[in-house]
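Biologist: Hey, I've never looked at this one before. Could you walk me through it?

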Amino acid sequence: MTRTLRRSAWTGAVTVIFALLLVWNITQVPTFGAFEIQTLLASTLALAYLAMAQSVVVIGGGIDLSVGAMLVLINCLSARFMEGTSFGGSLLVAAGCLAVAAGIGALTGFVINVSKVPDIIVTLATSFVLGGVALFVLPSPGGGASPGFQALVLGADGTAWWPALACLVVPLLVIWLPLRRSKAGIAIFAVGSDSNAAFLSGVNPLQTKVVSYTVSGLFCGLAGLASTAFTAGGSPQATIAVTSTLASVAAIVLGGVALTGGVGGLVGPVIAVWCLYLIPNIMLGLGVDPSYGQVVGGVVVVVVVMVGGWLRLGRGKPA
């Protein structure tokens, strides 16, 4: 019990921060209801998936700089092929896009493990490749999405917030929870904590790397589909990829995933995404330019990293 509480302490602290920010934001608006809740969930759904994708890789001891580019690629792919299709056709396109994202993730993990080139180099190169492919798929913003698909992901009437919440919770329950409790999931945590010790214990490093990047790719695919549902189209802009990747790193740091690997989960980063979303809104309510929200968010991340490092040093672990 004590171990569980200690392990969930960081997520609990982030949840308290989110609750305080939410209450602050509620006091700034005349009415806070279903529409505002749906807006929060729909606006952050893609980034929440991306934070999950980054978390899986970082827990396994790596880092993925291509998650934003993968989001853009899947967004462009789905928007191009969903345009003018029926609801059933959109679901088939979505399934195909998820398969493509998982396949690219698996290939990335395979290349990293076989080449022995650091994750940061391979994924940086991968991000350029994916960005170029996205421009080939959709040279300029456009495409479309089936209204039925949008309603399935985000809700139909502008106040139904539960579809977006369900789209967030279901992958956690169906993908992450079984994986974390499986042999492959334990191997991801073991490799992230100490790759040499994990290898000597019989963990297959190639299989572990491929599994972690495949799951990460799957979450990136979900992020791309969520972006398509939210914008009803696709955009190949490179700035979206860069901004999304940096935001995913900020979210996992704030959400309690150690950049040294082996520590963390997927719930904390999702709550951190909501916190980062609320900061500009609160600043807007205070009459401050919301663009300064990025500055505040960056300061918060730096402080969190420093505090996390001090805590780990206090426990006798590397910062």
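This is a predicted model: local features need pLDDT of at least 70, side-chain atom pairs count only at pLDDT 80 or more; totals for chains, interfaces and linings use all residues.

Biologist: Okay, where is the place of V93?

Modeller: V93 sits in helix α5.

Biologist: And what does V93 touch, not counting residues up to four places away in sequence?

Modeller: Setting those aside, V93 touches S78, F81 and M82. There's also a distance for V93 and A79: they are 14 residues apart in sequence, and their C-alpha atoms are 9.3 Å apart in space.

Biologist: What about S90, buried or exposed?

Modeller: S90 is buried, with a relative accessible area of 0%. This residue is found in helix α5. Beyond four places in sequence, S90 touches M82, T85, S146 and F149.

Biologist: Switching topic. Which residues touch the most other members in the largest nonpolar core?

Modeller: Those are Y49 and F219, in a core of 79 residues. Helix α3, residues 34-59, supplies the largest share of this core, with 14 residues.

Biologist: So what does F219 touch?

Modeller: Leaving out residues up to four places away in sequence, F219 touches Y49, M52, A53, V56, P171, I175 and L266.

Biologist: Then at what angle do α3 and helix α8 pack?

Modeller: The angle is about 15°, and the axes of α3 and α8 (residues 162-181) are 9 Å apart. That angle makes α3 roughly parallel to α8. The crossing of α3 past α8 is right-handed.

Biologist: Which residues of α3 and α8 meet there?

Modeller: From α3 you have L41, A42, L45, A48, Y49, M52, V56 and I59, and they meet A164, L165, C167, L168, P171, L172 and W176 in α8. By class, this contact of α3 with α8 has 15 nonpolar, no polar and no charged residues.

Biologist: Next pair, then. How far apart are the axes of α2 and α13?

Modeller: They're 9 Å apart, and helix α2 (residues 9-28) packs with helix α13 (residues 267-285) at an angle of about 25°. That makes α2 roughly parallel to α13. Here α2 passes α13 in a left-handed crossing.

Biologist: Who makes the contact between α2 and α13?

Modeller: On the α2 side, the residues include T11, F18, L21 and W24. On the α13 side, C275, L278, I279 and I282 are among them. The contact of α2 with α13 divides into 14 nonpolar, seven polar and no charged residues.

Biologist: Can we zoom in on L21? What is L21 in contact with, leaving aside its neighbours within four places in sequence?

Modeller: L21 is in contact with C275, L278, I279 and I282. L21 lies in helix α2 and counts as buried, at 14% relative accessibility. L21 and C275 are 254 residues apart in sequence, with 7.0 Å in space from C-alpha to C-alpha.

Biologist: One more pair: at roughly what angle do α9 and α11 cross?

Modeller: The axes of helix α9 (residues 183-193) and α11 cross at roughly 105° and come within 9 Å. That makes α9 roughly perpendicular to α11. The contact is between A184, A187, I188 and V191 of α9 and T208, V211 and S212 of α11. Sorted by class, those residues of α9 and α11 are five nonpolar, two polar and no charged.

Biologist: Where's the place of K116?

Modeller: K116 is in the loop between α5 (87-115) and α6 (119-137). K116 is exposed, with a relative accessible area of 64%. A232 has a positive phi too, of about 55°, although it is not a glycine. A232 lies in the loop between α11 (205-231) and α12 (238-254).

Biologist: How would you class A232 by relative accessible area: exposed, partly exposed or buried?

Modeller: A232 is partly exposed, because its relative accessible area is 33%, which falls between the 20% and 50% cut-offs.

Notes: Residues are numbered from 1 along each chain as its sequence is written. Side-chain values use heavy atoms; hydrogens and water are left out. A nonpolar core is a set of buried Ala, Val, Leu, Ile, Met, Phe, Trp, Tyr and Cys residues joined through side-chain atoms within 4.5 Å. Buried means under 20% relative accessible area, exposed over 50%, partly exposed in between (1.4 Å probe, protein chains only). Helices (H or I, at least four residues) and strands (E, at least two) are DSSP runs, numbered from the N terminus. Contact means heavy atoms within 4.5 Å. Axes are lines fitted to C-alpha atoms, for helices over the stretch in contact, and angles run from 0 to 180 degrees between N-to-C directions. Angles under 35 degrees count as roughly parallel, over 145 as roughly antiparallel, 65 to 115 as roughly perpendicular and the rest as oblique. A crossing is left-handed if the near helix is turned anticlockwise from the far one by less than a right angle, and right-handed if clockwise. Ala, Val, Leu, Ile, Met, Phe, Trp, Tyr, Cys and Pro count as nonpolar, Asp, Glu, Lys and Arg as charged, and the others, Gly among them, as polar.
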